[in-house]
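Please examine the structure shown below.

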Amino acid sequence: MFCTLSKTIYSDEYRRIIDKVRQARLTAELTQEEVAQALEIKQSLVSKIESCQRRLDVLELLELSRFLGKPVEYFFYPSASGRVKSPLRKSLKAASPRRKKRG
């Protein structure tokens, strides 16, 4: 039995990840050519990734995150910090014991 994966390159979730990659590049005021040089790839490859014509490899995303100065989590979560904002997180924080400050 083989596992069949859907074409995730066309999914909304994949598009959001790529949008964040592009947004991070533009925020850093970098051109596609500058990113390509840093990653030692062709500019056309960066263009194809940003236009969802080519799938972004996990290791390429890791290199991009390092070069752009963003944690990998930044590309997966909607908040600017790259952290999940959820009611569960608040509940866990509220339930954790508070530490006393030493004086």
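The model is predicted. Rolling a probe the size of a water molecule over the atoms shows where empty space is left. Here the count comes to 1 cavity of 30 Å³ or more, and the volume of the largest cavity is about 90 Å³. The lining comprises 9 nonpolar and 3 charged residues, with no polar ones. Among the lining residues are Val21, Arg25, Leu39, Ile49 and Leu64.

Consider α3 next. Its buried residues are Val46, Ile49 and Glu50. They lie on the same side of α3 because they cover an arc of only 95° around the axis. An α-helix has 3.6 residues a turn, so residues three or four places apart point the same way. The buried residues of α3 pack against α1, α2 and α4. Just after this helix, Cys52 has a positive phi of about 60°.

The helix α4 may be read in a similar manner. Glu60, Leu61, Leu64, Ser65 and Leu68 are buried in α4. These residues span an arc of only 140° around the axis, and therefore lie on the same side of α4. Leu59 and Arg66, on the other side of α4, are exposed. The partners against which the buried residues of α4 pack are α1, α2 and α3.

Finally, the two ends of α4 deserve attention. At its start, a side-chain oxygen of Asp57 comes to within 2.8 Å of the backbone nitrogen of Leu59. After α4 comes Gly69, with a positive phi near 70°.

Note on methods. Residues are numbered from 1 along each chain as its sequence is written. This is a predicted model: local features need pLDDT of at least 70, side-chain atom pairs count only at pLDDT 80 or more; totals for chains, interfaces and linings use all residues. Side-chain values use heavy atoms; hydrogens and water are left out. On a 1 Å grid over the protein atoms alone, a cavity is a set of points where a 1.4 Å probe fits but cannot get out, and a pocket is an open set with protein on both sides within 12 Å along at least five of seven lines; lining residues have an atom within 4 Å of a point. Grid points are joined across faces, edges and corners, and a volume is the space filled by probe spheres set on the points. Ala, Val, Leu, Ile, Met, Phe, Trp, Tyr, Cys and Pro count as nonpolar, Asp, Glu, Lys and Arg as charged, and the others, Gly among them, as polar. Buried means under 20% relative accessible area, exposed over 50%, partly exposed in between (1.4 Å probe, protein chains only). Helices (H or I, at least four residues) and strands (E, at least two) are DSSP runs, numbered from the N terminus. The arc is that of the directions from the helix axis to the C-beta atoms. Contact means heavy atoms within 4.5 Å. A polar contact is a pair of N or O atoms within 3.5 Å; within protein, one must be able to donate a hydrogen and the other to accept it, and residues adjacent in sequence count only if both atoms are side-chain atoms.
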